[in-house]
Amino acid sequence: TMVVVVMIKSFLKIYKNSGLGATHVITRTGNFTIKRWGIWTPFLTILFSKIFPVEQVPHNHEGSFISFLLWGTYDEIVNGKKTKKRWLNFLPYKNFHKIVAEKPVYTIMFMGKTRQNTSVIVNNKIIPSQRLIKGYK
């Protein structure tokens with residue numbers, strides 16, 4: 001298995017913005033929003049995540065994704081509409097969403113090709129997520 005990991009890491013060095021390992025989302029105040037581990041490339045991202053029950057801001061993603069909820073549920077708010085997610089979630093890359101969880105939720109996410117940088121909505125303004133998030137990829 002060590003040989004496989006070395007091969008994957010060597011492959012990922014070829015592609016810019018690729019990686020293997022932890023890619024947690026941490027606020028500027030040092031709080032975890034999501035802990036996640038996986039592999040990411042400009043073409044495909046696979047992440048195992050633990051989503052914490054903390055206040056989120058509306059945000060988008062680099063690409064469209066499908067996420068399978070392994071343990072727990074959450075409400076997702078997209079365009080002011082709240083939907084309960086129990087097993088599955090799909091979000092196109094152009095949509096902003098916000099997750100509301102009462103307890104930690106574990107998911108596995110498959111995201112397609114990178115199409116944009118992530119952004120957040122703060123005070124009705126769209127800003128780059130790096131201005132709000134300290135740790136990410």
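A nonpolar patch on the surface of this predicted model is formed by Trp37, Phe48, Ile66, Phe68, Leu70, Trp71, Trp87, Leu88, Phe90 and Phe110, with about 1,100 Å² of accessible area together. Patches are made of residues with over 30% relative accessible area and no salt bridge, like charges being joined within 9 Å and nonpolar side chains (Val, Leu, Ile, Met, Phe, Trp, Tyr) within 5 Å; a salt bridge is a side-chain nitrogen of Lys or Arg within 4 Å of a carboxyl oxygen of Asp or Glu. Accessible areas come from the Shrake-Rupley method with a 1.4 Å probe, and for residues only the protein chains shown count as cover. Two or more patch residues come from each of strand 5 and strand 8 (88–91), and strand 5 gives the most, with four residues. Strands (E, at least two residues) are DSSP runs numbered from the N terminus. Trp37 lies in strand 3 and counts as partly exposed because its relative accessibility is 37%, the class between buried (under 20%) and exposed (over 50%) with a 1.4 Å probe and protein chains only.

Residues are numbered from 1 along each chain as its sequence is written. In this predicted model, local features need pLDDT of at least 70, side-chain atom pairs count only at pLDDT 80 or more, and totals for chains, interfaces and linings use all residues, while side-chain values use heavy atoms, with hydrogens and water left out.

One cavity of 30 Å³ or more was counted. On a 1 Å grid over the protein atoms alone, a cavity is a set of points where a 1.4 Å probe fits but cannot get out, whereas a pocket is an open set with protein on both sides within 12 Å along at least five of seven lines; lining residues have an atom within 4 Å of a point. Grid points are joined across faces, edges and corners, and a volume is the space filled by probe spheres set on the points. The largest cavity has a volume of about 150 Å³. Its lining comprises 15 residues, with Ile34, Ile51, His61, Ile99 and Met109 nearest the centre. Strand 4 provides the largest share of this lining, three residues.

The largest pocket holds about 360 Å³ of space. Of its 24 lining residues, Val25, Thr33, His59, Val120 and Ile133 lie nearest the centre. Strand 3 contributes the largest share of the pocket lining, three residues.
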